[in-house]
Amino acid sequence: MIELDETDRTILRALVQDATQSAGALGRKLGLSQPATWRRIRRLETAGVIKGRRLRLNAEALGFGVTVFLGVKLARKGQVSLEDFERAVSAIPEVQMVEHVLGLYDYRLRVVARDLSDFERVLRRRIMTLPGAGEVEANVLLSEERLPGPIG
């Protein structure tokens with residue numbers, strides 16, 4: 001585990017808010033030089049504290065007005081490998097996230113669709129036909145607020 005000082009935490013909080021900031025712009029806000037800020041960011045990346053930077057798309061603006069979280073229980077554990085299921089479900093474009101979880105269901109999926117009838121099509125024709133797919137539970141997303149995780 002890497003030792004974080006207050007400057008590191010400030011950099012992380014700033015990047016969580018806007019990961020597109022340059023090291024120079026961020027350094028100016030913090031009273032650091034561009035090279036010093038870049039070295040700190042690079043150190044955080046090398047240590048695995050910063051795992052990457054992602055582009056977040058607005059699914060609704062792209063025509064996907066429905067987001068559904070699916071709990072999926074595998075029907076025949078042991079007969080279908082987890083890797084086979086994960087590979088097959090990851091190939092479905094509407095599936096944005098695949099999480100292997102512990103609990104009532106084996107997997108939690110985040111699925112986007114244009115509307116509820118489109119979601120039904122994805123569920124029936126793509127997800128329920130996957131190797132090992134069994135019982136599912138759907139939860140439709142009503143609203144979402146992204147909160148940053150804890151920063152030491």
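Four strands make up an open sheet, in the order β2-β3-β1-β4 and with antiparallel pairing; strands here are DSSP runs of E with at least two residues, helices are runs of H or I with at least four, and both are numbered from the N terminus. Two strands count as paired if DSSP finds at least two bridges between them. At the edges sit β2 (95-100) and β4 (133-140), each of which pairs on one side only. On average, neighbouring strands of the sheet are turned by 20 degrees against each other, direction ignored. Axes are lines fitted to C-alpha atoms (for helices, over the stretch in contact), with angles between N-to-C directions running from 0 to 180 degrees. This is a predicted model, where local features need pLDDT of at least 70 and side-chain atom pairs count only at pLDDT 80 or more, while totals for chains, interfaces and linings use all residues. Residues are numbered from 1 along each chain as its sequence is written, and side-chain values use heavy atoms, with hydrogens and water left out.

Glu99 has Arg108 in β3 as its bridge partner.

Then there is helix α4 (residues 82-90), which lies across β1 (66-74), β2, β3 and β4 and runs at about 165 degrees to β2. Val89 belongs to this helix and is buried, with a relative accessible area of 0% (buried means under 20%, exposed over 50%, partly exposed in between, with a 1.4 Å probe and protein chains only). Beyond its neighbours within four places in sequence, Val89 is in contact (heavy atoms within 4.5 Å) with Val95, Val98, Leu109 and Leu130. The C-alpha atoms of Val89 and Thr129 are separated by 10.0 Å, with the two residues 40 residues apart along the chain.
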